[in-house]
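Have a go at each task before reading its solution.

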Amino acid sequence: MSRHFPTENTVMPLLNPFSTSPVLLGGENRSGTTLLSIVLDSHLDLVAGPEIDFLEPPNLGTHILSAIDLLAAGDFRVAGMTKNTVDPFWYDGVHFVVQCRRFGLDFDDMRGLVSKVMVEMGDDIVSFAARCRLINEMGELRRSRSGARRWGLKLQRKIAQTDAFARQWPRAHFVHIVRDGRDVAASHLKTVPDWGYRTVADAARGWLEVVSQPHRIAPPGRYLEVRYEDLVSSPRPTLARILDHLGLPWDEAVLRHAEYEHVLFEQPHGHPAAEAAGKPLHRGRIGRYVQDLTRAQIEEFEQIAESELSRLGYLSAPRPSGDA
């Protein structure tokens, strides 16, 4: 858990909870979160961006302003924008700036908003509340420019702390996309060997961290859980349920997201799921674990995560008959 995240023992002051109504998306990595954000971004009344990891940098004030300057100058310390090429001290700050650019904010936008919030908060934007305030300013800027009614953003795995975000945004709605954990494990082990889980046990425990908590702690009426498999297999009813939850009218554009322009497509900056999210909705590799994992790996995952696999309806799927 980030050192900036409020815990159960933390008294978190509510500094004027936001009156805005963002759509906060989340889910385990490799669960379709980027796809969902792009699909919803197609809606006329919603501008939705990819994830912004705003809890990790030391602060979102002077540190981010300096990171912007380094990127703008092409400084060697931030060249390549990967963990292997960026100075470790600057990586989280640079990553934050790059994610903001994927959301459609340029350097001047970020400088202006960071400076504004620093003055208003009287600090370096270190606390959880101050960080959320900066994100709220960013979302509102994108919303006003696009003419949309609401803005949205991915919390990614931090959807597990829905309650903390719900206190800051009392009018926010949360959408949690879940995917069969065995497919998630297969995707990590086979597709993203450089940064994903390296063992089935780690994947199972990580998946549980994200899927087992939010539905228990989310505020009533403001949280919706949808399955990736339903989104790609039955998109119309699934998206109708999501839009109803968000209080937005039906828009056929959400079924044709690949036909529209999205900032993430224009400025992917190495986003690992940008290319796949640009394709029309399709069943993809549902059930890939049957081919990609061995029987022993599947059984190990199921032993660790059986309760949540059952709750989400995944153990009703046919078991593989032999090693894959």
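**Exercise 1: A helix pair**

Helix α1 (residues 33-41) packs against helix α11 (residues 235-246) at an angle of about 70 degrees, with the axes 12 Å apart. The model is predicted: local features need pLDDT of at least 70, side-chain atom pairs count only at pLDDT 80 or more, and totals for chains, interfaces and linings use all residues. Residues are numbered from 1 along each chain as its sequence is written, and side-chain values use heavy atoms, leaving out hydrogens and water.

Task: classify the packing of α1 with α11, and list which residues meet.

Solution. Step 1: axes are lines fitted to C-alpha atoms, for helices over the stretch in contact, and angles run from 0 to 180 degrees between N-to-C directions. Helices (H or I, at least four residues) and strands (E, at least two) are DSSP runs, numbered from the N terminus.
Step 1: angles under 35 degrees count as roughly parallel, over 145 as roughly antiparallel, 65 to 115 as roughly perpendicular and the rest as oblique, so α1 is roughly perpendicular to α11.
Step 2: with contact meaning heavy atoms within 4.5 Å, L36, V39 and L40 of α1 meet L239, I242 and L243 of α11.
Step 3: the residues of this contact divide into six nonpolar, no polar and no charged (Ala, Val, Leu, Ile, Met, Phe, Trp, Tyr, Cys and Pro are nonpolar; Asp, Glu, Lys and Arg charged; the others, Gly among them, polar).

**Exercise 2: An aspartate in a loop**

Task: is D45 buried or exposed, and which residues does D45 touch?

Solution. Step 1: find D45 in the loop between α1 and β2 (46-51).
Step 1: D45 has a relative accessible area of 15%, so D45 is buried (buried means under 20%, exposed over 50%, partly exposed in between, with a 1.4 Å probe and protein chains only).
Step 2: not counting residues up to four places away in sequence, D45 touches A148, R149, R150, L248 and P249.

**Exercise 3: Aromatic pairs**

Task: what is the geometry of the pair F18 and W169, and of the pair F54 and F165?

Solution. Step 1: rings of Phe, Tyr and Trp (its six-membered ring) pair if their centres lie within 6.5 Å; planes under 30 degrees apart count as stacked, over 60 as edge-to-face and the rest as tilted. By this rule there are six aromatic pairs.
Step 1: the ring centres of F18 and W169 are 5.1 Å apart and their planes stand at 40 degrees, so this pair is tilted. F18 lies in the segment before β1 (23-26) and W169 in the loop between α6 (162-168) and β4 (173-178), 151 residues apart. Both F18 and W169 are buried.
Step 2: F54 and F165 have centres 6.2 Å apart and planes at 75 degrees, so their pair is edge-to-face. It joins the loop between β2 and α2 (62-73), where F54 sits, to F165 in helix α6, 111 residues away.
Step 3: F54 is buried at 3% relative accessibility, and F165 is buried at 0%.

**Exercise 4: Positive phi**

Task: where do I125 and Q156 lie?

Solution. Step 1: most residues other than glycine have a negative phi.
Step 1: I125, not a glycine, has a positive phi of about 60 degrees; I125 lies in the loop between α4 (107-121) and α5 (128-146).
Step 2: Q156, also not a glycine, has a positive phi of about 55 degrees and is found in strand β3 (residues 150-156).
Step 3: I125 counts as buried at 0% relative accessibility, and Q156 counts as buried at 10%.
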